[in-house]
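Here is my note on the model you asked me to look over. Please read it with the structure open.

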Amino acid sequence: MSKQENLILPKDFPQLKNDTFLRAARGEETEHVPVWCMRQAGRYLPEFRESRAGKDFFETCQSPEACCELTLQPLRRFPFDAAIIFSDILVVPQAMGMDVQMVAGKGPTFPEPLKEPEDLQRLQVKVDTDKELGYVFRAITLTRHKIEGKVPLIGFSGAPWTLMSYMIEGGGSNTHSKAKRWLYQHPEASHMLLKMLTDVIVEYLLGQVAAGAQALQVFESHAGILGPAEFKDFSLPYLRDIARRVKDKLKEAGQDVPMFCNKDAHYALEELSQSNYEVVGLDWTIDPLSARERTGGKVSLQGNMDPCALYAPKERISDIVKKMLEGFGTRGYIANLGHGVYPDMEPENIGAFVEAVHQHSKQMIKQI
Ligand code: 1CP
């Protein structure tokens, strides 16, 4: 089957019952503000720890059944308005031929990171995403069926600069100095790598939509380490290119899927609000009101509670949520954390967060 045919094949998915998240992404009216959490499937849930116990992280990612189960777990506990497929952004460098392992206590690790531009020759330029990442597509299709139309299913990818920085750093980093060295010493090779990643990401995101993803999130998690000029040169053009190419291809197939861009580079808010993404995700270091003013109604916003606020007592969580809702307003807004849930957080407090968003926003919308 060609990719084009694959894109338009109906799959008889159950009808969507709660489309609040999709409507908010498009800036339409809703009865409540939708809410979901980054890393809502994660180690803070005892059932997640049990399912994952003794199993390799990337082997888990390669099992559609395991990914489906882990995606559904948080939905059984909390009335989230969306689910994100369980996977990881680092499956893309793997598909391009790099070895990535999840090391306990250390996080993702590349035993042989890219050191010099010659190392680009080690990468597979033309990636057959159906072959290399078909397991993610199968996980999405299975989960979309098993979710029974309760809420939309989000697909995702890391953005080119964020993936490039992992491929050169070999894992997490505070300074990203190895990856940033490339930007200053090897700008041409950097652009070559970013372009290679962009091409794979476009195919990967289209494959996810064909498999059943109802929204797409592009995580530029390491944008904040770049200054405005480097962001404009090495991140923004690729983010824009991804959204434009994905949307053009979807349009040809008569599809329209909202796209989200998540980043932590405030200086780029104006530009990102005019980059073909319907939603921009924010971290907690920006004031909701000023984010609204600077994006001028051009995009919906997602975020941005400090995840550490989940350590507060429930009443305080409720107050923080209320203020956040007042800052963002209830239209064109999707409540979330500014970063993922941490493993030592109380599941009950995540429940309190979700409830507070629903309760306060319903009241606010009634009063409009
Ligand atoms: O064994 C484990 O449980 C390890 C923890 C974990 C989990 C639950 C990792 C390792 N990845 C994931 C799943 C994951 N990763 C999801 C799906 C689950 C959900 O959100 O409900 C998603 C969307 C991601 C995306 C991801 N992975 C990002 C982008 C979002 C963000 O956090 O900025 C990034 C940067 C990663 C890399 C990664 N994977 C895992 C870790 C610990 C990290 C960060 C490493 C570092 O930079 O230090």
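The points below cover the sheet, the aromatic pairs and the ligand site.

1. Ground rules. This is a predicted model, where local features need pLDDT of at least 70, side-chain atom pairs count only at pLDDT 80 or more, and totals for chains, interfaces and linings use all residues. Residues are numbered from 1 along each chain as its sequence is written, and side-chain values use heavy atoms, with hydrogens and water left out.

2. The sheet. Seven strands form an open sheet with parallel pairing, in the order E1-E4-E5-E6-E7-E8-E9. Strands (E, at least two residues) and helices (H or I, at least four) are DSSP runs, numbered from the N terminus. Two strands pair if DSSP finds at least two bridges between them. Strand E1 (83-84) and strand E9 (333-337) stand at the edges with a single partner strand each, so one side of each has no neighbour in the sheet.

3. Inside the sheet. E5 and strand E6 (residues 259-263) run parallel and are joined by five bridges. Gln 217 has Phe 260 of E6 as its bridge partner. Helix H16 (residues 314-328) packs on the sheet and touches strand E8 (300-305) and E9. Contact here means heavy atoms within 4.5 Å. The direction of H16 makes about 155 degrees with that of E8. Axes are lines fitted to C-alpha atoms, for helices over the stretch in contact, and angles run from 0 to 180 degrees between N-to-C directions.

4. Aromatic pairs. Rings of Phe, Tyr and Trp (its six-membered ring) pair if their centres lie within 6.5 Å; planes under 30 degrees apart count as stacked, over 60 as edge-to-face and the rest as tilted. The count is nine aromatic pairs. Phe 137 and Tyr 204 are a tilted pair, because their planes are at 35 degrees, with ring centres 6.1 Å apart. Phe 137 lies in helix H8 (residues 134-146) and Tyr 204 in helix H11 (residues 187-211), so the pair ties together parts 67 residues apart in sequence. Phe 137 is buried at 8% relative accessible area, and Tyr 204 is buried at 2%. Buried means under 20% (1.4 Å probe, protein chains only).

5. Ligand site. The ligand is surrounded by 20 residues, each with a heavy atom within 4 Å of it. Among the closest are Arg 39 and Arg 52. Asp 88 places a polar side-chain atom 2.8 Å from a ligand nitrogen atom. For Tyr 166, a polar side-chain atom lies 2.4 Å from a ligand oxygen atom.

How values were computed: Buried < 20%, exposed > 50% of the residue type's maximum accessible area, 1.4 Å probe, protein only. Polar contact = N/O pair within 3.5 Å; in protein donor to acceptor, adjacent residues only side chain to side chain.
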